[in-house]
Amino acid sequence: MKKLLLSFIICTTFYTNIQAQHADRSKFIRDSLDLYISRALTNWRVPGIAVCIVKDNKIVLVKGYGIKELGLPNTVDINTLFMIGSNTKAFTATALAMLQANNKLSLDDKVTKYIPEFKLENKFAGQEATVRDLLCHRLGFQTFQGDFTFYNTNLTRAQVIEKLGELKATYPFRTKWGYTNAAFLTAGEIIPRVTNKPWEVYLKDAIFAPLGMTNTLALSKDLPKSLNRTVAHTLTDGRLAPIPYCQLDGLAPAGSISSSASDMGKWVLALLNNGKVGNRQVIPQAAIAATREPQDIVGSQYHLTGENNFELYGLGWFIQDYSNHRLVMHDGGVSGYLSSVTLSPQDNLGIVILTNTDQNQLYEALRWEILDVFFGRPYRDYSEAYLKNFKNHTATEQQTERKLRDTVALLLKPALPPASYLGKYTNSFYGSMTVTQGENSDLEIRFEHHPTMFAKLQPLGGNRFFVTFSDPVMGKAVFPFNVQNGRVTGVKVKVADFVERGAYEFKKE
């Protein structure tokens, strides 16, 4: 009897689990999502978030949660602006694909047809690179290569394009995918050569206005002027704090747009409806199809479910399979902001998530949570799973930093007198920086192309210094100075991987 009862329990449990896996979980959106997000905002220390879900050509949910700025009661609503970072890239790629659909250019045209001054250090690559190459990251650069020079700097778009031509690629042309923000800037600058309109004006005229995206801003310089905007936040020494907006207009087509949940919902609605708004064909269907055509293999994508699939790149979109559904997606990250846009075209499903801190994975966890709802998959609580990993990673980083600060506290003297490190240093790609004497006799670095930023140097003994940037997004690092025959000859500069993964060698003049 006990064996029979046990068999019944096992079979019933198995049947229940199977049912749960195929259950209609759409009630989660209506009944549980608000509580889920409210709890997650607290656990993740995210001030504000905005979410939009589109299904079957309708807005299922569009809502703001939390606050615009830490310490102030102003709440996020559906029209509150967030910087969307690299989700800008899909707009740039779509704009160029629209021009192709209207026979104004071909994505397979050479870049030099429109920008004759365009060059690359690899001469052949510079001559042969096409618009498509720019939009799918296959020039041969390593991911984020050059971005310390380009990100949040005073360089103009023309100067970025010129400097890109000086950057030595890590890989041969078209042999490996490498995420290149300056390439997207270059692609965007083809638009004014074809339309006689600046990138930001063309986007407004061709996409924002026809879709009714009335609050969306193309340029980062305009965000501080908006009345309904979030403030950027990051974690510094374990404390959540507001930070200045980054200035990305020199890289605008790669990441400068600010938008809201409501406006991004209109963008996603159009993309899922073959470019139509009502009966109006705003975006040619051929243009949408062109951006979703896989161009490169990025690598493998591992999911918490245990699935492991290839990840591809189209034009301004990542493409991957998840639970037998093809996803067209992109994340966006800039100083103080993280976001995601996800489309499942076969399900007519779209998800937009915007957050105003750059230290969270809630934007990612929430995406998979919502996808699982519509795909009928069991509840996983991705937020808690991601949070556990995030805390472990943060704890490791904090332990490393504590050891460095403990070494600083020993007041070890550098190998040479402080005056030996002072002076001007140059890097053939970046430009110059100057080591000066700051407060309390600490050394400081001022950077040519980051005029509002400085770095504080504290001795670790020998010729190594613990470095803290005034811009927390640049991170903390150890700079080793090179010394030959008792004379400082240079220094290795490294910023956070969020900005650039490689290091820069600066020579002392």
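In the predicted model, glutamate 189 and arginine 157 form a side-chain salt bridge with an N to O distance of 3.1 Å, a salt bridge being a side-chain nitrogen of Lys or Arg within 4 Å of a carboxyl oxygen of Asp or Glu. Glutamate 189 is in the loop between α8 (181-188) and α9, whereas arginine 157 belongs to helix α7 (residues 157-164), so the pair ties together parts that are 32 residues apart in sequence. Helices are DSSP runs (H or I, at least four residues), numbered from the N terminus. Both glutamate 189 and arginine 157 are buried; buried means under 20% relative accessible area, exposed over 50%, and partly exposed in between (1.4 Å probe, protein chains only).

A salt bridge also joins arginine 193 to glutamate 117, at 2.8 Å from N to O. Here arginine 193 is part of helix α9 (residues 190-195) and glutamate 117 of the loop between α3 (88-101) and α4 (123-128), so parts that are 76 residues apart in sequence are tied together. Arginine 193 is partly exposed, at a relative accessible area of 40%, and glutamate 117 is partly exposed at 46%.

Aspartate 56 pairs with lysine 55 in a salt bridge whose closest N and O atoms are 3.2 Å apart. The relative accessible area of aspartate 56 is 44%, and the residue is partly exposed. Salt bridges also link Asp237, Glu401, Arg405 and Lys476 in a network. Over the whole structure, the search finds 27 salt bridges.

Residues are numbered from 1 along each chain as its sequence is written, and side-chain values use heavy atoms, with hydrogens and water left out. As the model is predicted, local features need pLDDT of at least 70 and side-chain atom pairs count only at pLDDT 80 or more, while totals for chains, interfaces and linings use all residues.

Helix packing was examined for α3 and α13. The axes of α3 and helix α13 (residues 285-292) come within 8 Å and cross at roughly 130°; axes are lines fitted to C-alpha atoms, for helices over the stretch in contact, and angles run from 0 to 180 degrees between N-to-C directions. The two helices, α3 and α13, are therefore oblique to each other, the class left after angles under 35 degrees (roughly parallel), over 145 (roughly antiparallel) and 65 to 115 (roughly perpendicular). In α3, Ala93, Thr94, Ala97, Met98 and Gln100 meet Ala287, Ala290 and Thr291 of α13, contact meaning heavy atoms within 4.5 Å.
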